[in-house]
Number of protein chains: 2
Amino acid sequence: MTLTLHNYFRSSTSTRLRIALNLKGLAYDYKGYALLEKQHKSEAFLARNPAGLVPVLELDDGTHLTQSMAIIEYLDETHPEPPLLPADARGRARVRSLAGMIACDLHPLNNLRVLQYLDREFGQGDDGKAKWFRHWVKEAFDPLEVMLATSSQTGVFCHGDTPGIADICLYAQVWNNRRFKIETDSYPTIARIFGRLDKIDAFARAAPPRQPDAA
Amino acid sequence: MTLTLHNYFRSSTSTRLRIALNLKGLAYDYKGYALLEKQHKSEAFLARNPAGLVPVLELDDGTHLTQSMAIIEYLDETHPEPPLLPADARGRARVRSLAGMIACDLHPLNNLRVLQYLDREFGQGDDGKAKWFRHWVKEAFDPLEVMLATSSQTGVFCHGDTPGIADICLYAQVWNNRRFKIETDSYPTIARIFGRLDKIDAFARAAPPRQPDAA
């Protein structure tokens, strides 16, 4: 099976998908799109994804899959080993919920296109954008830390001792935070989990600085 | 089984969950939280969900589930009939992707807490907030319309002739848009699907104006 990943090194949704592909042992062709040069708004890219957003996973028959979380669920269903979700429904709900705290409540607010809007339409410079970015990280990471620190279901990773979908989101988000020099020192459980994830090759290889299009 | 839904009539993530519960034929106790009065920031509510966000679904054993999309997947796994996702992995990826275009790319940006931030920190009044709201609706609905209108997999509803997770998100979002007087006239496929969904009791009963805490 030939897979092509249309993505961008710094995009945290792209990082998520790279981790999932690595964990599943799936090789892929890497195609980078320089978002700052609007390469994801080209006609060719919009034919792959009318939303003009990375990542897109192109399957061998030419099908284009969009939305990182939907694609990761697809990969987990079609390549069950190693599983990225627990076997029990309650556990799955917990992991999807922890993932959603990042994928729905946090990441969309701090995306490049949003920061560009704040600049262009509301005249917010670097200070305003940094304040915005930090605010939403805190709004999500404060409760995430509480939920991880107080649950007996948290293990070496977000849920037990096997990395899964929540860990994928967490790892990508911590990298994203670094763009605004936000470290995880004040979040001991998140920092501990990130440290462990960073020692796993499938995660570390997916990190932004290690991609071919990294600046 | 006694279910308690901690939610708010106007919250579109709450609307999603009400639809899913209705489709599954699950009765629930309705608890409304006036977000404008910060009832979801009370100590009692934060004990249910440290993120201070609705909806929360409380199960009979006292477990609190958070994040609407995670809860809907849980309901679909634990109460398989009628299914809210297609049986095939590719179909599931398509439906989760369409849902994600609303649940990740659109709704989080236009949430109450975000509009309040734009007002409080960036001094944006009603005009600025309306422009913002409309911009992100257009950014998501333009490609959503293209993807629905051009796919042979779109049927009476977003995917085939059975309502599912994408329809749940779409229905709730169209109600949300109405807060800013955005109608779906310029989106014929979305308008057609919404019209059909609105004729289904499980959807119509979940609409904001029909909730006990509606103003």
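This is a predicted model: local features need pLDDT of at least 70, side-chain atom pairs count only at pLDDT 80 or more; totals for chains, interfaces and linings use all residues.
In which sense do strand 1 and strand 2 of chain B pair, and over how many bridges? Strand 1 (residues 4-7) of chain B pairs with strand 2 in the parallel sense over 4 bridges, where pairing requires that DSSP finds at least two bridges between two strands, and strands (E, at least two residues) and helices (H or I, at least four) are DSSP runs numbered from the N terminus. Residues are numbered from 1 along each chain as its sequence is written, and chains are lettered from A and ligands numbered from 1 in the order in which they are written.

Within that strand pair, N7(B) stands opposite G32(B) of strand 2. The open sheet in chain B has 4 strands in the order 2-1-3-4, with mixed pairing; strand 2 (29-32) and strand 4 stand at its edges, each with a single partner strand, so one side of each has no neighbour in the sheet.

Turning to the interface, 36 residues of chain B are in contact with 36 residues of chain A, contact meaning that C-beta atoms, placed from the backbone, lie within 7 Å. Helix 4 of chain B gives the most to the chain B side, with 9 residues.

Finally, helix 6 (residues 126-150) of chain A has 25 residues, which at 1.5 Å a residue should span 36 Å, and its end C-alpha atoms are 36 Å apart, which agrees; the expected span is 1.5 Å times one less than the number of residues.

Methods. Two residues are in contact if their C-beta atoms, placed from the backbone, lie within 7 Å.
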